[in-house]
Amino acid sequence: MQRYFVDPAQFGDREVTIAGEDARHIGRVMRSKPGDKLIVSDGISREVLAEITIIEPQQVTAAIIEELAASGEPWLQVTVAQSLPKGDKMETVIQKCTEIGAASFLPFLSERTVVQYDSKKEEKRLTRWQKIAKEAAEQAHRSKIPTVELPVKWDKLLVELKNYDLVCLCYEKEDGRQLRDVLKPFVIGLTPERTVKVAVVVGPEGGFTEAEVEEAEAAGAVSVGLGRRILRTETAAMAALTCIMYESGEMGGEMSDAYCRLLHLGL
């Protein structure tokens, strides 16, 4: 069943409207007709099963049949902090990590970042990134669209890291402490009473400098390895996020007591 995100203002008590590109997709691409059902979410807290009643070129109206419980979100809120990679690799990171379960994306500039930052171009690029996140969230049946921020400089990122419960800096020269060594005790010790925020920090094609690793650790990050192989920057983000989802029980891994309690509470 197709899923669409709309602005909360498009929800009424008994019906919801879908406009713009999504409306055209429903009518022209999916060739839907009145009576067909779809799932509509406001990307925040409301998700409904709705039945199409009217299809117009720029707007689709659907009657709300049933309120649904949001069920497509991980209980850990993971931010992927990615140093801007070359080409369209950031688009790949956003698309795939959204499917895996990332809650947000924070691009940044580090010493070895090759991409030249241009504020005018970044505004346009941000719009495209947000569209990719939306489409990937719909495809993956997420209940929320991950947020995508404008790129920040390294010093700003270090300040932001203090807002997380755990920050894992993926460092290819870390040959002792692996990601699982950090994740397992962290997940086991969690309680469901508060939101848990985790950040995965991934460097550019040339990796982090030793000075950057020291600065990140001073800001509270833990440098971790991702095994004995050197991963591409876009692969590292996806691999690290997948490990986190697995260790937290999202992908069939060994569930912690905290996760079991969350399931019992229906959260």
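This report walks through a sheet, a helix pair and one further helix. The model is predicted.

Five strands form an open sheet with the order 1-3-4-5-2 and mixed pairing. Strand 1 (3–5) and strand 2 (15–19) are the edges, and each pairs on one side only. From one strand to the next, the twist averages 40 degrees. Strand 4 (residues 47–55) pairs with strand 5 (residues 59–68) in the antiparallel sense, over eight bridges. Leu49 stands opposite Glu66 of strand 5. Helix 1 (residues 20–29) lies across strands 1, 2, 3, 4 and 5. Helix 1 runs at about 95 degrees to strand 2.

**Helix 2 and helix 7**

The axes of these helices come within 9 Å and cross at roughly 10 degrees. Helix 2 and helix 7 are therefore roughly parallel to each other. The table lists the residues that make the contact.

| Helix | Contact residues |
|---|---|
| Helix 2 (residues 89–100) | Lys89, Thr92, Val93, Lys96, Cys97, Ile100 |
| Helix 7 (residues 233–247) | Glu234, Ala237, Met238, Leu241, Thr242, Met245 |

By class, this contact has seven nonpolar, two polar and three charged residues.

**Helix 6**

Which residues of helix 6 are buried? In helix 6 (residues 210–218), they are Glu212, Val213 and Ala216. Seen down the helix axis, these buried residues fall within an arc of 100 degrees, so they line one face of helix 6. The face turned away from the buried side carries the exposed residues Glu210, Glu214 and Ala218. The cover over the buried residues includes helix 4 (154–160), strand 10 (166–170) and strand 12 (222–224). Just after helix 6, Gly220 takes a positive phi of about 110 degrees.

Conventions
Residues numbered from 1 in each chain as written. Predicted model: local features only at pLDDT ≥ 70, side-chain atom pairs only at ≥ 80, totals over all residues. Heavy atoms only, no water. Buried < 20%, exposed > 50% of the residue type's maximum accessible area, 1.4 Å probe, protein only. Helix = DSSP H or I, 4+ residues; strand = E, 2+ residues; numbered from the N terminus. Arc of directions from axis to C-beta. Contact = heavy atoms within 4.5 Å. Axes fitted to C-alpha atoms, helices over the stretch in contact; angles between N-to-C directions. Parallel < 35°, antiparallel > 145°, perpendicular 65-115°, else oblique. Nonpolar A, V, L, I, M, F, W, Y, C, P; charged D, E, K, R; others polar. Pairing = 2+ DSSP bridges.
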